[in-house]
Amino acid sequence: MFDESHCDSCACGDGLDFSFSFAFQPIVDVSTASVYAYEALVRGPAGEPASTVLARVDDGNRYAFDQVCRVKAVKLAARLGMSAKLSINFMPNAVYRAEYCIRTTLAAARTYHFDTRQIIFEIVESEELSSVDHLVDIVETYQNMGFLTAIDDFGAGYSRFNLLVARPPDLVKLDMALIRNIDRDPNKQAVVAGMITMMTALGGDIIAEGVETREEYAWLRARGIHLFQGYLFAKPGFESLPEPVIPDQPSI
């Protein structure tokens, strides 16, 4: 049975002495000309860059920060009337037991009347894990509860090939370093083509993030990718839901 005392204070910000908010950037499904999801991107309370917030996160407050992020993201998404999916980044090392720590997210969704089936959890690539089994358990627990899961910034940081083998996530987001100038870089083209083949075989999907040029978009679209994120479509909107534009199509 769950011990509710483990998470009683998750949402109240214990251990945090700073405030923050979010900007939202759309993930576009170009096959249907619709917004697939909005990613919640940490910002300072007045829209300051994420680095000003993340620089204050350490071992002593990582757990509280991760939990408050979830609550704030759900609350703001509900306030803005978000009908697309909500993509929330989480820090694997902040989750000591997935089944305990998800309780705060579920409580926030009930409080703010936000459908949990709209939530995607993105695994950040910036943390090294002491145990691959721990990450596999988190993904398995979230998927079994009906949440979608994604690996963020794949191709940068600690690429999670071991997770792809043990428990494939629903989505893989290609890092912008792989995307930049892919239309004229044969090495990047070979890597991304292999990723497309692999995710198709695993039953998952790919999101190309950080797309900035029509040439990048055209190359990726020609290879069957249909989920895109980047300045070519829309910049993040602070505490707002930007309307994306698809190249060669009317505004959504």
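This is a predicted model: local features need pLDDT of at least 70, side-chain atom pairs count only at pLDDT 80 or more; totals for chains, interfaces and linings use all residues.
Biologist: Which side chain makes a polar contact with the side chain of S87?

Modeller: That of E122, at 2.5 Å.

Biologist: And where does S87 lie? Is S87 buried or exposed?

Modeller: S87 lies in strand 3, residues 85-90. Its relative accessibility is 1%, under the 20% limit, so S87 counts as buried.

Biologist: Let us turn to the whole protein. How many helices and strands are there?

Modeller: The protein has 9 helices and 9 strands. Of its 252 residues, 49% are buried. The accessible surface comes to about 11400 Å², and carbon and sulfur atoms account for 50% of that area.

Biologist: What share of the contacts with a separation of 6 or more comes from residues 24 or more positions apart?

Modeller: That share is 69%.

Biologist: How many residues are in the largest nonpolar core, and which have the most contacts inside it?

Modeller: The largest nonpolar core has 68 residues, and F20, F65, L86 and L220 have the most contacts within it. Helix 2 (residues 62-79) supplies the largest share of this core, with 9 residues. Apart from it lies another core of 8 residues, including I27, A150, L171 and I207.

Biologist: What is F20 in contact with, beyond its neighbours within four places in sequence?

Modeller: F20 is in contact with V42, R43, G44, P45, V53, F65, V68, C69 and K72.

Biologist: Now helix 8. What span should its 17 residues have?

Modeller: At 1.5 Å a residue, helix 8 (residues 186-202) should span 24 Å; the C-alpha atoms at its ends are 24 Å apart, which agrees.

Biologist: Which residues of helix 8 are buried, and why are they on the same side?

Modeller: The buried residues are V192, M195, I196 and M199. They cover an arc of only 100° around the axis, so they are on the same side of helix 8. In general, an α-helix has 3.6 residues a turn, so residues three or four places apart point the same way.

Biologist: What covers those buried residues, and what does the face turned away carry?

Modeller: The cover includes strand 5 (148-154), helix 6 (161-166), strand 6 (171-174), helix 7 (176-179), strand 7 (205-209) and helix 9 (214-222). The face turned away from the buried side carries the exposed residues P186, N187, A190, T197 and A201.

Biologist: Which residue caps the N-terminal end of helix 8, and what phi does G203 take just after the helix?

Modeller: D185 caps the N-terminal end, with a side-chain oxygen 3.1 Å from the backbone nitrogen of N187. Just after helix 8, G203 takes a positive phi of about 80°.

Note on methods
Residues are numbered from 1 along each chain as its sequence is written. Side-chain values use heavy atoms; hydrogens and water are left out. A nonpolar core is a set of buried Ala, Val, Leu, Ile, Met, Phe, Trp, Tyr and Cys residues joined through side-chain atoms within 4.5 Å. Buried means under 20% relative accessible area, exposed over 50%, partly exposed in between (1.4 Å probe, protein chains only). Helices (H or I, at least four residues) and strands (E, at least two) are DSSP runs, numbered from the N terminus. Contact means heavy atoms within 4.5 Å. Accessible areas come from the Shrake-Rupley method with a 1.4 Å probe; for residues, only the protein chains shown count as cover. The expected span of a helix is 1.5 Å times one less than its number of residues. The arc is that of the directions from the helix axis to the C-beta atoms. A polar contact is a pair of N or O atoms within 3.5 Å; within protein, one must be able to donate a hydrogen and the other to accept it, and residues adjacent in sequence count only if both atoms are side-chain atoms.
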